[in-house]
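Welcome! Here is a short briefing to read alongside the structure below.

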Amino acid sequence: MFQRLREDINSVFARDPAARNFLEVLTNYPGLHALLLHRLGHWLWQKNLKWLARSLSTFSRWLTGIEIHPGAKIGRRFFIDHGMGVVIGETAEVGDDVTLYQGVTLGGTSWNKGKRHPTLEAGVIVGAGAKILGPFTVGAGAKIGSNAVVTKEVPAGATVVGIPGKIVKRSDPDAAAVLDVDPERREAMRQKFGFDAYGISEDMPDPVARSIQAMLDHMHAVDERIERMCSTLRKLDANYREGKLPELRDEDFADMLSDIDACCGPHPKGSTPRTRGTRPDPDSRGNG
């Protein structure tokens with residue numbers, strides 16, 4: 001028992017630079033108090049003394065501001081920093097060396113009995129205010145950003161941010177074929193369709209910008225293929241002429257572009273309303 005207590009206190013020193021001495025941690029850290037009371041409550045729960053276990057859980061919530069259902073399974077060296085507002089549901093499972101900050105919820109999305117709360121594997125860190133909802137697994141070493149709302153499984157080593165939670169970093173990224181795209185053609189495609197990344201680069205972990213970048217690359221590939229098809233048709237039939245594509249008018253996009261400019265700022269130099277709202281004549285690209 002005392003060995004586990006020492007282990008818990010040492011885990012506080014390892015993860016909180018504000019901790020100064022053994023007595024301070026033992027007497028003034030509500031996360032540690034909630035963990036010790038939960039262990040007693042969980043033992044009572046397993047002995048089928050459920051009312052007593054729930055009563056102890058209620059007392060712990062009143063004392064620490066942290067609510068841990070006595071049915072939850074908690075691993076070793078679990079650390080709750082600050083702790084106020086933390087809620088851990090009945091069927092939640094927390095692995096070793098997990099860290100939670102204030103306001104975290106390990107909740108469910110169903111009223112059905114059975115497994116309905118998340119499982120956090122070893123080394124997971126959950127930022128302040130994050131909500132992890134549902135009977136899925138958050139892989140070992142994953143990080144959940146502050147105020148994120150996570151409703152689906154998270155792979156080991158990933159970082160999740162936003163509402164709903166999006167994976168912005170993986171320890172073992174998915175392998176994907178890389179398109180051979182000329183950077184100058186990619187920039188021309190941006191201007192042709194009126195998209196500006198507003199200073200967002202590929203190195204920044206923004207899943208929306210990455211998705212738009214992938215769409216631009218795809219449009220680049222499609223555009224090149226259409227040009228080759230048109231060139232082949234002209235060789236086969238001297239009378240073949242391309243028809244004009246429908247014109248994209250500025251007024252069709254005025255409201256959307258004004259909202260973007262208001263939110264993200266005006267386009268940088270070199271991007272004009274014409275490039276945003278008007279598609280060029282196919283003849284201007286050398287298509288006949």
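Glu24 is buried, at a relative accessible area of 18% (buried means under 20%, exposed over 50% and partly exposed in between, with a 1.4 Å probe and protein chains only). Its salt-bridge partner is Arg20, with the closest N and O atoms 2.9 Å apart, and Arg20 is exposed at 65%. Please keep in mind that this is a predicted model: local features need pLDDT of at least 70, side-chain atom pairs count only at pLDDT 80 or more, and totals for chains, interfaces and linings use all residues.

**Salt bridges**
- The whole structure holds five salt bridges, each a side-chain nitrogen of Lys or Arg within 4 Å of a carboxyl oxygen of Asp or Glu.
- Glu90 and Arg116 meet in one of them, at 2.9 Å from N to O.
- This pair links distant parts of the chain, 26 residues apart: Glu90 is in the loop between strand 4 (87-88) and strand 5 (93-94), and Arg116 in the loop between strand 7 (105-107) and strand 8 (119-120).
- Glu93 forms a salt bridge with Lys115, the closest N and O atoms being 3.6 Å apart.
- Because Glu93 lies in strand 5 and Lys115 in the loop between strand 7 and strand 8, the pair ties together parts that are 22 residues apart in sequence.
- Glu93 is partly exposed at 32%, and Lys115 is partly exposed at 37%.

**The sheet**
- Six strands make an open, mixed sheet in the order 3-6-9-12-14-15; strands are DSSP runs of E with at least two residues, numbered from the N terminus, and two strands pair if DSSP finds at least two bridges between them.
- At the edges are strand 3 (79-80) and strand 15 (166-169), each pairing on one side only.
- Strand 6 (residues 99-100) and strand 9 (residues 125-126) run parallel, joined by two bridges, and Thr99 stands opposite Ile125.

**Nonpolar cores**
- The largest nonpolar core has 30 residues, and Ile88, Leu100 and Ile144 have the most contacts inside it; such a core is a set of buried Ala, Val, Leu, Ile, Met, Phe, Trp, Tyr and Cys residues joined through side-chain atoms within 4.5 Å.
- Apart from it lies another core of eight residues, among them Ile9, Val12, Tyr29 and Phe79.

**A loop residue**
- Thr151 sits in the loop between strand 13 (149-150) and strand 14 (159-161), and is partly exposed at 48%.

Technical notes: Residues numbered from 1 in each chain as written. Heavy atoms only, no water. Helix = DSSP H or I, 4+ residues; strand = E, 2+ residues; numbered from the N terminus.
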